[in-house]
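Visitor: Could you walk me through some features of a model, starting each time with the general idea? I would like to learn how to read them.

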Amino acid sequence: MRVRITNGRIFDPASGMVDLLGNVLIEDGRIVADDPALRADETHDAAGCIVMAGGIDLHSHIAGGKVNLARLLMGEDRRAHPEPFGAFCGCGGGNAAPTTHVTGCRYSQMGYTAVFEPAMVGANARHAHLEMADIPNIDTGGFLVLGNDDFLLRLIAQGESQTAINDYVAWMLSATQTCAIKIVNPGGISAFKFNARSLDLDEAGPHYALTPRRVLQSLQRAVTELGIPHPIHLHGCNLGVPGNVATTLSTIGATEGFPLHLTHVQFHAYGTEGDRRFSSGAAEIAAAVNANPHISVDVGQIMFGQTVTASADLMAQYRNHSIASPNKWVGMDIECDAACGVVPFAYRDTSFVNALQWAIGLELFLLIEDPWRVFLTTDHPNGGPFTSYPHLIRLLMDRDFRAEQLARLHKAARAHTNLVELKREYTLEEIAIVTRAAPARTLGLKDRGHLAPGAIGDVVLYADMADREAMLSWSARREPERGRDPRQLRRSLSHGGHAARHHRRHATLGAHRRRVADGLRHFGDRLWLRGGDRGGNRAGGLARRAAGHIRAHLRHVAEGSEEDRPGAGRPMRADRPHLRLLCRHRRGAARAARPGFALFR
Amino acid sequence: MPPVATSPGATSRIVTELVCGFCGLGCDDLEVQVQGRAVRPRIACPQAAALLERSDGAPPLPRVAGRETSLEEAAARAGSLLAASRSAVFSGLGADVDGLRGVFDLAMRFGASFDHAASSGLFRNLDTLQRRGWIATTLAEVRNRCDLLVVVGADPTPDFARFFERALPAASGDPQESDEAPLFTNRAHPRRVVFLGDLAGPAARAALAGHDVTHSPVPPALLADAMAGLNAFVDGRSVKTLGGAFDGALGAALAELAGALRAARYAVFTWNAGALDPAEGERIVGHAAAMVAKLNETTRAAVFPLGGRDNLIGAHQMALWRFGYPLRTLVAHGEASHAPGLYATSRAVRDADLLLHVSAFRPDAPPAFSSGPLIALAHPHTEFPREPDVFIPVGTPGIDHAGQVFRMDSVVCLPLVKLREAGLASVAQAAAAILQAGRAP
């Protein structure tokens, strides 16, 4: 089956093709080099369209226990966003905390094809996978939360070797079928369980007497030594605390050259200047990111309106629970593993703090020079629902629009930001980088985020419109064109932007991922039933075996493909094993059966 | 997969480290003997033992109006009954995650309201959780951190036999050396358990031997007031300011308990909401959550609500992620609408023209219903007061097929294994067959 998309304006920065008129040829779900001699079974005229690879969101809370708690608390949001009219598919609704079906539909309607749940708690991994199996249209994956689990903290505190820590990390990744390590407030969530209310980077926490720096460095080494493509995905200390810019700068300094990803860095870029003791630290953070090529960030832009914040950082969420809106919140200590806090929140442009947060996020986007190291997120739903991305993109691309929006803000906030002086406008190429190419690269996804031969046939056609918000938002013409399923392609083209694909039944979905959830290793009682030691021994043995698999695989990769790799000697991230752990969704039987899908099992 | 040992020369085998999906505690150290279709529990609590036990006899066949038939024919009949219904009610919902997917698919296809058989306690809790929220904890945290456990209301042991054994294991001679040793409590910080409400039964007392157990007996009808008093004491009020309401021994005990709560490092309130006085349940839960909120200003504390048999929590979670609402929701007429008063099974059956009852974990009869057809996807041993129009005997997750169920603390989802082959369809298979039949022209 061959599908040719012709005459589109192609934006594919990963392959160096930017704003070139050309064709994309998809053969059996994969992009192949276009050759006029090859006859296409279907041809689609993309004249007047921008053609990009499917979008990749590497930080969006879409599934798992805390998201479900958010749904429970956000009954008003759910009722305000009911099912659309038309043939009923039982899809649910909601905006800040949408149902699984709505999540998949809205993302795909915006042109996204892969989304990563960035905070999968080990104890809750099976639930998260089961839930993601119900998300249609998009691929999903997860990052495992470590750094507050008592098992790891004990390993570090008892002075166990780095090898033992690596084994444990490998076993946990394998057991939970996740593809990267996230640290949330290193040591801080655990400290809160001992009633500590804050924990700074070099402060020894209770019980284990470990500093967050030590926890961070142990896991950074593990991730590097195991060869996990994505660096540590860090939600640092002191989230939301005025003055935390100093902590964030120290954290960058603590990396000792190990790569590090700072997530929702907007929430970690606050100074204490001015009469309100709250100011922008964006310039300092951006300068540090610009000067340190091993650091990447996603912004976690806030958007005005009702949302809900869901985080594993119960220490921070407890600090903020009194400003919940509506006034209710849920906290939970979880399984000697992590915690969660869910606090509904309404960001208001009339609030000094919220308005300045908004400006700080935009300052970060505009001041960080290298678009390959900044990813577009709102930390959905914490800074705002992901459906606000098109609005955010317009803010980045359109200086006049930005100035207009800025003029509506709280007056004092305007005086505290130099946003108006930032003339930069993102180009479409840069948007393609921050929403596709760069996330794919940092996650080690070599067949995504670009349109070169070998890539998956996730191709998105956007009708070229001057209003980029309208062009990209889910209510405009925005269906992702999935080349491997030509029926979808035809339908969305012929419907010309009508939300036809919304109505897809659950019954046809999720068959594949369910198997992943079925296959998850049982670790319900890692600490609970048998206490620490026996569980530890058991985990240790499995961990050693898992790590052995990883090393064997790395050797194989290194020996097998050394010469045809650019920059030999520096392992290419895309060749590392963990991308195989990506949970593929709706790929059909042939792809599901591909060997190496679950490397460690 | 738990280790399976086969005894030599016989088809009998012992399955160890078996996960149990019945009460919601998720114990995973059970042991059974399997021979042919017979399952004999060797290590299990009384409830699990009764529910695991299977004879070698053949299970019943599906029936339509009392006549034995095939699964396909029964499913076809169920599909046509559902297609003809205008206000179907799904009750029971005792199924594993896959089974629930199938049941929700049926609701989406044919339109129905749904509720779980054990949801009354859940909704007493949601009254607080959904409107105001709380700080909760999970089993591992209770086990490893809790230094003061307040058991509110009835002794939970009859429903959750091994809760105390597992959450607060007996201290051993040298706790630091033992596998069982909790991580963060030791002899320097002994654990205290206070029963506020009913007295602990003999089983609970035995399980808690070695802990500092005290009782503050309160009759069920006065429990909410006692909790209000305790809340006031935790809030720093004295007996004097409460207008004489708590002058007696109970008041003194509550005041002392309030002091202990404030001094505890990690106090936990637990209750079985399903066993609380229906008129006062919401108030009791609300007071517990309010006390925990207050205590967390200076120390740590949390609630641990008990409840969640037969994958209640799985049904709750899946309803939330699919429809955006908890159970007691109607999915029909192009939208989902949540009205707990209206769609509770006991209320919903009054307006129903069809009842579909799902109970794979235990042979519980469907609720009384006479105003329309009854479809039962039920345990093969179910005794029906009225012969269902369609009866599809279904296998039990963890015995007849593998599956997944949620533990009561809503975080952990556990895998169940298949023990035997008895030819029973799973709820997922039965629901899929009905869905398929409903699609046929």
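**Reading the model together**

Guide: Let us begin with a helix: nine of the eleven residues of α4(B) are buried, so this helix is largely enclosed by the rest of the structure. Helices (H or I, at least four residues) and strands (E, at least two) are DSSP runs, numbered from the N terminus. Buried means under 20% relative accessible area, exposed over 50%, and partly exposed in between (1.4 Å probe, protein chains only).

Visitor: What should I know about the model and its numbering?

Guide: This is a predicted model, where local features need pLDDT of at least 70, side-chain atom pairs count only at pLDDT 80 or more, and totals for chains, interfaces and linings use all residues. Residues are numbered from 1 along each chain as its sequence is written, chains are lettered from A and ligands numbered from 1 in the order in which they are written, and side-chain values use heavy atoms, with hydrogens and water left out.

Visitor: Which residues of α4(B) are buried?

Guide: They are B:Ser119, B:Gly121, B:Leu122, B:Phe123, B:Arg124, B:Asn125, B:Leu126, B:Thr128 and B:Leu129.

Visitor: How do I read the packing of α4(B) and α10(B), and at what angle do they pack?

Guide: Axes are lines fitted to C-alpha atoms, for helices over the stretch in contact, and angles run from 0 to 180 degrees between N-to-C directions. Angles under 35 degrees count as roughly parallel, over 145 as roughly antiparallel, 65 to 115 as roughly perpendicular and the rest as oblique. Here helix α4 (residues 119–129) of chain B packs with α10(B) at about 45 degrees, their axes 8 Å apart, and the two are therefore oblique to each other. Contact (heavy atoms within 4.5 Å) is made by B:Arg124, B:Asn125, B:Asp127 and B:Thr128 of α4(B) and by B:Gly281, B:Glu282, B:Val285, B:Gly286 and B:Ala289 of α10(B).

Visitor: Is the crossing of α4(B) and α10(B) left-handed or right-handed?

Guide: A crossing is left-handed if the near helix is turned anticlockwise from the far one by less than a right angle, and right-handed if clockwise. The crossing of α4(B) and α10(B) is right-handed.

Visitor: How do helices α8 and α10 of chain B pack, and at what angle?

Guide: Helix α8 (residues 223–234) and helix α10 (residues 281–295) of chain B meet at about 15 degrees, with their axes 9 Å apart. They are therefore roughly parallel to each other. Among the residues making the contact are B:Leu223, B:Met227 and B:Leu230 of α8(B), and B:Ile284, B:Met291 and B:Lys294 of α10(B). α8(B) passes α10(B) in a left-handed crossing.

Visitor: B:Lys294 is in that contact. With which residue does B:Lys294 form a salt bridge?

Guide: A salt bridge is a side-chain nitrogen of Lys or Arg within 4 Å of a carboxyl oxygen of Asp or Glu. B:Lys294 forms one with B:Glu297, the closest N and O atoms being 3.5 Å apart. B:Lys294 counts as partly exposed, at 30% relative accessibility.

Visitor: How many salt bridges does the structure hold over all chains?

Guide: There are 49. One of them joins A:Arg213 and A:Asp202, whose closest N and O atoms are 2.5 Å apart. A:Arg213 lies in helix α8 (residues 212–226) of chain A and A:Asp202 in the loop between α7 (188–193) and α8 of chain A, so the pair ties together parts that are eleven residues apart in sequence.

Visitor: Which residues are linked in a network of salt bridges?

Guide: A:Asp134, B:Asp98, B:Arg101, B:Asp105 and B:Arg322 are. A:Asp134 lies in the loop between α4 (125–132) and β8 (139–146) of chain A, and is buried, with a relative accessible area of 1%. A polar contact is a pair of N or O atoms within 3.5 Å; within protein, one must be able to donate a hydrogen and the other to accept it, and residues adjacent in sequence count only if both atoms are side-chain atoms. The side chains of A:Asp134 and B:Arg101 make such a contact, at 2.7 Å.

Visitor: Where is B:Asp400 found, and which residues does B:Asp400 touch?

Guide: B:Asp400 is in the loop between β19 (390–393) and β20 (403–406) of chain B. Not counting residues up to four places away in sequence, B:Asp400 touches B:Gly395, B:Lys418, B:Arg420, B:Ala422 and B:Leu424. A polar contact of 2.7 Å joins its side chain to that of B:Arg420. B:Asp400 counts as buried, at 6% relative accessibility.
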